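Please work through each task before reading its solution.

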Amino acid sequence: MLGSCATQAPLSREAKSSRPIGATLEPSGFATILRAPPSSVPRARPPRSESEPERIARERGIPVAEAERLMNPDEAVREAAMALDRRLKAQAADDYVGVRIVRDPEPRFAFQFRRDAAATLARFTSDARFVAREGGRPREALQPVFDTWWKRFAPHRILGGGSVMAFEGNVQFDMSVDEATYRAIAEREGWELPPELQLHFPPPQNPRSVDPALAPLVRIFAREDRSPGVVLTAALGGRLVLRDGCFRMQAQGDGEPLVLFGRDVELRLDDAGYMAVFDPQGSDAFGGRVARVGERVVWSGPRGADEADAGVRALRAACGSGPIVAIGEPEGAQRFEGRRPRTR
């Protein structure tokens with residue numbers, strides 16, 4: 001519970017609180033913040049990573065569109081590859097894994113087999129545009145592993161996503177809990193993983209949550225107890241407010257639902273003295289997500305709020321019933337626009 005939220009004891013509220021700019025104290029002793037000026041726009045945007053087509057275009061001195069075309073075999077080669085793929089599935093199903101594009105350095109289709117790859121491919125074609133690769137396992141052999149362990153993991157809310165990796169010969173799951181949390185569950189359940197199953201874990205939850213100086217002013221700073229899996233990327237917005245110690249979202253037509261924050265965000269004062277939510281991933285000055293309480297904010301979503309989440313349970317206990325909106329790592333709307341200018 002403590003890792004997912006922050007609760008406060010009323011006895012220490014007035015003695016130890018540090019009043020943010022714009023905050024008013026309610027009779028309860030908790031704070032209300034309804035308006036704040038926009039958080040500052042980063043001084044400079046972080047450099048964008050160069051894409052593979054951009055790298056090829058730069059190195060060869062050609063347009064990006066031409067580089068994108070060169071990254072894949074042409075249509076005639078693709079049609080021939082798909083025809084061969086159908087033959088191999090029908091006539092070499094026991095050993096055949098699949099086909100993919102490789103660049104070594106020119107783009108070609110690679111046909112992969114569990115064993116004797118070169119000899120097997122030679123039985124079907126001598127086309128120099130095709131190459132053999134060895135290793136992996138057919139998807140059909142790995143799918144039962146995926147299905148079995150997905151069903152075991154899902155009730156514990158520890159899955160972020162997963163894939164059958166035929167070319168690598170394994171099944172991979174992205175977990176929503178750190179390794180220590182997983183191992184405690186696995187020991188309790190008596191799980192023994194098969195060798196072809198690989199798990200990837202997020203780092204432990206950020207231990208910093210609420211600045212102790214601000215803790216007496218809020219009833220709860222509820223954070224998700226899991227790392228998100230796939231996050232939808234629609235840009236949602238509203239005004240993040242604090243009302244009598246409870247964080248709420250003012251959004252048109254939605255009333256004021258309670259707010260659930262992301263697993264690792266922090267609540268502290270910004271340099272100007274406003275209460276703000278910070279995402280520890282990235283620099284505050286150069287592109288990190290920062291959202292002042294009281295300003296209009298943007299977040300990626302929608303993302304649900306699971307009633308089994310420890311943060312949700314604590315939020316209910318502190319602020320009552322009603323709708324909850326999960327906003328993950330919010331960012332001031334003006335800051336968001338300044339960091340990601342609109343394209344025309």
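A residue is called buried under 20% relative accessible area, exposed over 50%, and partly exposed in between (1.4 Å probe, protein chains only). Helices (H or I, at least four residues) and strands (E, at least two) are DSSP runs, numbered from the N terminus. The model is predicted: local features need pLDDT of at least 70, side-chain atom pairs count only at pLDDT 80 or more, and totals for chains, interfaces and linings use all residues. Residues are numbered from 1 along each chain as its sequence is written, and side-chain values use heavy atoms, with hydrogens and water left out.

**Exercise 1.** Determine which residues of helix 6 are buried and how they are arranged about its axis.

Step 1. The buried residues are L142, V145, F146, W149 and F153.

Step 2. Viewed down the axis of helix 6, these residues fall within an arc of 100° (taken from the directions from the helix axis to the C-beta atoms), so they line one face of the helix.

Step 3. E140 and K151, on the other side of helix 6, are exposed.

Step 4. The cover over the buried residues includes strand 6 (159–165), strand 7 (170–175), helix 7 (179–189) and strand 8 (197–200), where contact means heavy atoms within 4.5 Å.

**Exercise 2.** Identify the disulfide (a pair of cysteine sulfur atoms within 2.5 Å) and state what it ties together.

Step 1. C246 and C319 form the link, with their sulfur atoms 2.0 Å apart.

Step 2. C246 lies in strand 10 (residues 246–250) and C319 in helix 8 (residues 310–319), so the pair ties together parts 73 residues apart in sequence.

Step 3. The angle about the S-S bond is -100°, making the link left-handed.

Step 4. C246 is buried at 5% relative accessible area, and C319 is buried at 14%.

Technical notes. A disulfide is a pair of cysteine sulfur atoms within 2.5 Å.
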